[in-house]
Amino acid sequence: MCEQCGTRAAEWDEVQGGDRYAYVTTTVRCVGCELIAVEQDQVPEGPDGYGVRIGLVPRTP
């Protein structure tokens, strides 16, 4: 099974009963991932940015 997309090679291989067009792509925007990506752009390159990870925590009222 492909670690990235989760499909198996046989699903695509017509010789193995699969279909080259078994799946279609879809595009989804996750606002959480978007916020992480925007914040990640602010992390400095090089040693100052080593080990910096961006995550999400719930906003408390």
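Going by that, the protein chain has two helices and zero strands. Keep in mind that you're looking at a predicted model.

**Overall shape**

- The protein chain has a radius of gyration of 19 Å, whereas a compact globule of 61 residues would come in near 10 Å.
- Along the principal axes, the C-alpha atoms of the protein chain fill a box of roughly 50 × 35 × 15 Å.

**Surface and charge**

- Of the 61 residues in the protein chain, 8% are buried.
- The protein chain has an accessible surface of about 6,100 Å², and carbon and sulfur atoms account for 53% of that.
- There are 5 positive and 10 negative charges on the protein chain, and their mean positions lie 7 Å apart.

- Thr 7 counts as buried because its relative accessibility is 9%, and the cut-off for buried is under 20%.
- The side chain of Thr 7 also makes a polar contact, at 2.9 Å, with the side chain of Trp 12.

**The salt bridge: Glu 34 and Arg 29**

- How many salt bridges does the count come to? The count comes to one salt bridge.
- The side chains that meet in a salt bridge belong to Glu 34 and Arg 29, with 3.6 Å from N to O.
- Arg 29 is exposed, since its relative accessibility is 66% and exposed means over 50%.
- Glu 34 has 35% relative accessibility, so this residue counts as partly exposed.

- You'll find Arg 53 in the segment after α2, which covers 31-40.
- Is Arg 53 buried or exposed? Arg 53 is exposed, because its relative accessible area is 78%, and over 50% is what exposed takes.
- Arg 53 and Val 38 are 15 residues apart along the chain, and their C-alpha atoms are separated by 12 Å.

Methods:
Residues are numbered from 1 along each chain as its sequence is written. This is a predicted model: local features need pLDDT of at least 70, side-chain atom pairs count only at pLDDT 80 or more; totals for chains, interfaces and linings use all residues. Side-chain values use heavy atoms; hydrogens and water are left out. Helices (H or I, at least four residues) and strands (E, at least two) are DSSP runs, numbered from the N terminus. The radius of gyration is taken over C-alpha atoms; the globule rule is 2.2 Å times the number of residues to the power 0.38. Buried means under 20% relative accessible area, exposed over 50%, partly exposed in between (1.4 Å probe, protein chains only). Accessible areas come from the Shrake-Rupley method with a 1.4 Å probe; for residues, only the protein chains shown count as cover. Lys and Arg count as positive and Asp and Glu as negative; His and the chain ends are not counted. The place of a charge is taken as NZ of Lys, CZ of Arg, CG of Asp or CD of Glu. A salt bridge is a side-chain nitrogen of Lys or Arg within 4 Å of a carboxyl oxygen of Asp or Glu. A polar contact is a pair of N or O atoms within 3.5 Å; within protein, one must be able to donate a hydrogen and the other to accept it, and residues adjacent in sequence count only if both atoms are side-chain atoms.
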